[in-house]
Amino acid sequence: MPYIAKIKVTLRQSILDVQGKAVDHALKNLGYSTVESARIGKYIEVTVNEEELVQAERICNEICQKLLSNPVMENYSLELEHVK
Amino acid sequence: MSEISVGVVVFPGSNCDHDTEHAVASFSGIKPVMLWHNDHDLQGVKAIILPGGFSYGDYLRAGSIARFSPIMKEVIEFARKGFPVLGICNGFQVLLESGLLDGALSRNRDKKFLCCQTTVRAVNGSTIFTSLYKEDEVLRIPIAHGEGNYFAPREVIESLEEHDQIVFKYTDAQGLVTDEANPNGSLNNIAGIINQQGNVLGLMPHPERASEKRLGSLDGRGLFESLFRHIAFV
């Protein structure tokens with residue numbers, strides 16, 4: 001039974017997020033005065049056909065480190081769900 | 001004298017490959033050879049150029065998917081053997097993603113895609129790519145990118161400085177490194193860096209777009225000429 005990995009890739013705090021900043025400004029212009037900040041990242045779903053959770057997790061971490069995120073400027077987090 | 005072959009890699013989405021081919025072909029004794037991303041054969045080239053463009057549509061991150069193209073395995077090996085590899089714009093992004101150079105390029109500081117003339121200086125004129133430039137010479141070479149904001153952790157920047165690996169910096173017309181002259185927010189006005197071995201250079205400005213009188217500048221020719229002289233004499 002496959003697992004679905006729900007992956008979030010976000011810019012590190014030290015990296016200027018120009019898209020997030022633009023959205024933050026737009027929200028303030030819309031009158032949402034309590035908005036403090038906005039940051040933009042990527043959401044990726046990867047389905048892996050693995051029986052074991054441990055193995056699915058290992059592969060997904062590898063994928064994130066190798067291709068889906070650039071550790072120089074991004075962080076990632078992932079959640080695995082069993083596909084029924 | 002027989003011609004020396006210089007490879008220009010073509011990824012799906014490269015768009016400066018033919019400009020680069022055109023610039024390379026304008027040097028006598030040098031023959032550009034187009035290398036398709038899906039091939040493994042480097043066809044005996046003596047140097048490789050990764051051109052500008054939007055390889056794989058810049059999906060995920062600029063250069064991140066091109067870095068895993070079949071030909072990149074050969075390009076990485078070629079570079080590790082000490083042969084010259086030059087990455088221009090998207091080519092620079094591919095070199096960073098492949099780990100041949102350190103750091104990363106993020107979105108321009110002012111969010112805009114920038115297509116304009118810039119002035120830069122070859123702050124290290126002793127590389128095989130810049131030997132014909134003088135350190136105080138101000139070069140007019142255009143940029144065209146949305147993600148050219150060079151970033152690296154502090155220890156990497158310190159190491160780049162210590163080993164003279166910062167090769168090009170954005171400057172004003174007088175050659176001064178100022179914040180106003182920095183088009184994209186790059187740390188320390190960095191426009192181009194080289195690896196420690198001195199054979200892999202990546203830069204955001206497009207020397208091939210400053211290689212012909214009718215393009216308004218000939219200042220990019222020095223880079224190609226430095227490189228081609230080097231490969232002609234080794």
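In chain B, helix 3 (residues 90-97) has 8 of its 8 residues buried, so it is largely enclosed by the rest of the structure. Here, buried means that 20 or more other C-beta atoms lie within 10 Å of the residue's own, against 12 or fewer for exposed and partly exposed in between, with C-beta atoms placed from the backbone. Helices (H or I, at least four residues) and strands (E, at least two) are DSSP runs, numbered from the N terminus. The model is a predicted one, with local features needing pLDDT of at least 70 and side-chain atom pairs counting only at pLDDT 80 or more, while totals for chains, interfaces and linings use all residues. Residues are numbered from 1 along each chain as its sequence is written, and chains are lettered from A and ligands numbered from 1 in the order in which they are written.

So what covers the buried residues of helix 3 of chain B? The cover includes strand 3 (47-50), strand 4 (85-88), strand 5 (104-106) and strand 11 (200-203) of that chain, going by contacts, i.e. C-beta atoms, placed from the backbone, within 7 Å. Among the buried residues of the helix are F92(B), V94(B), L95(B) and L96(B), but also Q93(B) and E97(B). After the helix comes G99(B), with a positive phi near 85°.

Chain B as a whole comes to 5 helices and 11 strands. Its radius of gyration is 16 Å, close to the 17 Å that the globule rule gives for 234 residues, so chain B is as compact as a globular protein of that length. (The radius is taken over C-alpha atoms, and the rule is 2.2 Å times the number of residues to the power 0.38.) Of the 234 residues of chain B, 53% count as buried. Residues 24 or more positions apart make up 76% of the contacts in chain B with a separation of 6 or more.

Over in chain A, 3 strands form an open sheet in the order 2-1-3, with antiparallel pairing; strands pair if DSSP finds at least two bridges between them. Strand 2 (41-48) and strand 3 (74-82) of chain A stand at the edges with a single partner strand each, so one side of each is left without a neighbour in the sheet. Strand 1 (residues 3-11) of chain A is joined to strand 3 of chain A by 9 bridges, and Y3(A) stands opposite H82(A) in strand 3.

As for the two chains together, 12 residues of chain B are in contact with 9 residues of chain A.
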